[in-house]
Every structure is written in structure tokens, then in C-alpha cells.
Amino acid sequence: MTAEVLRVPPELSAREPAEQRAPGRGRDAVRLLVSRGTAEPAHHAFRELPRLLSAGDVLVVNTSRTLPAALDGRLGDGRGRGEPVVVHFSTRADRQHPRPEAADGDWAVELRTPDGRGSTRQRAGGPAGAVVRLPDGARLELRAPVDRGGVRLWWARVSGAPVADLLRRYGRPIRYGYTDRDQPLDAYQTVFAVGSPDGGGSAEMPSAARPFTASLVARLVSRGVQIAPVTLHTGVASAEAYEPPYPERFAVPPSTAWQINAARAGGGKVVAVGTTAVRALETAAGADGRIRAASGWTELVVTPERGVRAVDGLLTGLHEPQASHLLMLEAVGRAAAGADFGDTLCRAYAEAVRHRYLWHEFGDLHLILPS
């Protein structure tokens, strides 16, 4: 799918959470577009999800907690006021990070320009050695682009205060211009989110799970649908067109590996909630499709050519036509349909536009299932 195939009108961006769009709404008051194989897409309310799944199916959910990853700063060494910028903290490197240019404790960051309306717009990063002054006298120094030749994400080193403390005291959730206003951090946490022992988390919400509520989870469980946790800490999602995902930290616990393998052996479907859950599971899957407990960093990019081994279906948001995530949707759809899924995906997205579905993290969802 390309931007030329489909244009998403700006008014179809979800500008606020579902529970704020009308009195009495809950998080689950969103719509659900359902693709089964290559059949024409069907329209449902998200609250109908339990009856669209079967006893023995497994929903795999990402438990990563969203960080208040946006922080105000000024570009310059302090000899002048400096240019105001907003720093988006994406990913913290450690000794096991697969990119050799990432030193232990570095952060991949994106510098953005305030737009005067509480949001930001893109700007080039750099140059190497540039300094951003942060609250409490902390300083951020840009070291090198995350990708050679890239200008958006840079490796940076923060001195003067721990990043976790700065984000906790002064940070706020990352917000883009299609939303109306700032939201509290709780609006960006899913019902599955749990704190990480090392303070890690996601720069942006694993948003496919946002519409779940405790009561909906209870209905799923009472129907015999299992919930299996994985963790993948997402980086910033404001990628340029066709930009592939970056390395991200993940963990698939032994209990989840056992649960999924047992479900598949019994004929149950494994449905990932979000592209992040797919990336974690497929990283932990062997060539035989069995899941093994695993943790660390994943650089896996799921494409139709690579295919999927451990996932039978996917619940996900609606992505921009130029987003690299659509390659993953095509891969899952091809496995579910037993055929090429590109045309089916295009038809589904055209149907979503025609019926005024809403895009982005507060928007509607798309469920891809086998025929």
C-alpha cells in the first residue's frame, strides 16, 4: 500500500480519547473493522470482540508502560537564550544494544520544534556536539545519528541528572499536532501496563490495547479467551515515510511461551494485540513456529517476504498509508488468508475511509483473522 493508493483526510485523525468524544463513553467506545481472509471487511463495535474470538484463543498483549517522554529544552551552551526545542526520548541503550555506536546509557532522541499550539513539528537533528539545556541544570549532548546519514534520531548523552528523574518531574506524554490538547499520562496507559523494574517503558503508547477495559477483559476470559503478556518498549513512532523500525527491547516470559505453544497445539488462534506484540513473538519464534522464552533487543522487521511463524491474527490501529507497519499487516494477512493480502488490505483501508473510521492512538481498530 502506498500514499498514492489511499489518502486519509486530516479530519479522520482521532483528536481526543474515545471517552471524551461524547458523554458516557468508555475507552471501548471505538469501532472495529474485521478482515477475515480475503472476504470483504465487516463492521463491528470494539465491545463485540469477545464474540469474534473462540475459547482456546490467546490474545498476546504488550505490558510496557508509557513514559512521559517529551521534555522541554533549549538548544545552546547557555551563552544565549537558545532555540526552544522539545526532546522526545525514544530508547535507552545498554551494553547489549546491537548498534555498536550506541554507548551504554546513551539515549536515542528526536529534537522537535514547538509549534505554538502545544504540539511540535519535525526538524533536523544535529550537529554532533550540539548541546540542549534541560531542567535542573542537566545537559544533553548529541553524539551521532542513530542511522548513518540520518538526521532525525540521534544518540545523546545526558549529564547532570538521571533521565528517569527528569521525565518523572518535568516530562509529559509525546503528543502530535493532530490531537487537540495535552492529555494526562493515565490517558496513555493501557489496562495491561505494568512498571518495569529498571524504570524502562515505551516512548509512545502500545495503542492497540488502549480500548480494553477491565470489564471487557473479564468477558474475554469468561468466554475462554486467554491473555498472554509480552513486553516490548517502543521507540518514537513519528517515523519518516517508509522508515523501518529501530532496535527495541523485548521480553517473552517462559509462561507466555508455554501458553502460546499449548494453545496452538490445541487448535487455538494466537492473536497479537498490536504490531509490538508481533515483533516480540516473532523474534522469539523458531523456524518451527514454536515460541521460546527470550529477552534482549530485537531488530526484526516483519515483511510479507519474511512472513510470520507464531501469529494467526492481529488487532491493530489504523496506520498511515506510507507507514512501514503495513508490511507487517500484509505478512499477518497473507498467513491468515493463505493468499496475497495486499489488495484485501487496500480494500479494507478504503472501506475505513468511506465509513469515517478514526486514525492514530485514540482511534478505531482493525482485526485481521484467518478465513
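Is Tyr 178 buried or exposed? Tyr 178 is buried, with a relative accessible area of 18%, where buried means under 20%, exposed means over 50% and partly exposed is in between (1.4 Å probe, protein chains only). Before the close-ups, note that this is a predicted model, in which local features need pLDDT of at least 70 and side-chain atom pairs count only at pLDDT 80 or more, while totals for chains, interfaces and linings use all residues. Residues are numbered from 1 along each chain as its sequence is written, and side-chain values use heavy atoms, with hydrogens and water left out.

**View A. Tyr 176 and Tyr 178 form a tilted aromatic pair.** A search of the whole structure turns up six aromatic pairs. To pair, rings of Phe, Tyr and Trp (its six-membered ring) need centres within 6.5 Å; planes under 30 degrees apart count as stacked, over 60 as edge-to-face and the rest as tilted. Phe 89 and Trp 107 make an edge-to-face pair, with 5.5 Å centre to centre and 90° between the planes. This pair links distant parts of the chain, with Phe 89 in strand β5 (residues 83-92) and Trp 107 in strand β6 (residues 107-114), 18 residues apart. Helices (H or I, at least four residues) and strands (E, at least two) are DSSP runs, numbered from the N terminus. Phe 89 is buried at 1% relative accessible area, and Trp 107 is buried at 10%. Back at the two tyrosines, the values are 6.2 Å centre to centre and 40° between the planes. Tyr 176 is buried too, at 9%.

**View B. Here the charged end of Arg 31 sits over the ring of Tyr 357.** The distance to the ring centre is 4.3 Å. To count, NZ of Lys or CZ of Arg must be within 6 Å of the ring centre and within 35 degrees of the ring normal.

**View C. Asp 104 and Arg 95 join their side chains in a salt bridge.** That term means a side-chain nitrogen of Lys or Arg within 4 Å of a carboxyl oxygen of Asp or Glu, and the structure holds 29 of them. For Asp 104 and Arg 95, the N to O distance is 3.3 Å. Asp 104 is partly exposed, at 34%, and Arg 95 is exposed, at 71%.

**View D. Arg 279 and Glu 248 meet in a salt bridge of 2.6 Å, N to O.** Arg 279 lies in helix α6 (residues 275-284) and Glu 248 in strand β12 (residues 248-252), so the pair ties together parts that are 31 residues apart in sequence. Both Arg 279 and Glu 248 are buried. Salt bridges with shared partners also join Arg 92, Asp 198 and Arg 249 into one network.

**View E. The second largest pocket holds about 420 Å³ of space.** On a 1 Å grid over the protein atoms alone, a pocket is an open set of points with protein on both sides within 12 Å along at least five of seven lines, and lining residues have an atom within 4 Å of a point. Grid points are joined across faces, edges and corners, and the volume is the space filled by probe spheres set on them. Of the 23 lining residues, the closest to the centre are Leu 67, Ala 164, Gly 199, Gly 200 and Gly 201. The largest share of the lining, four residues, comes from α3.

Terms used
1 Å grid on protein atoms, 1.4 Å probe; cavity = no way out; pocket = protein on both sides within 12 Å on 5 of 7 lines; lining within 4 Å.
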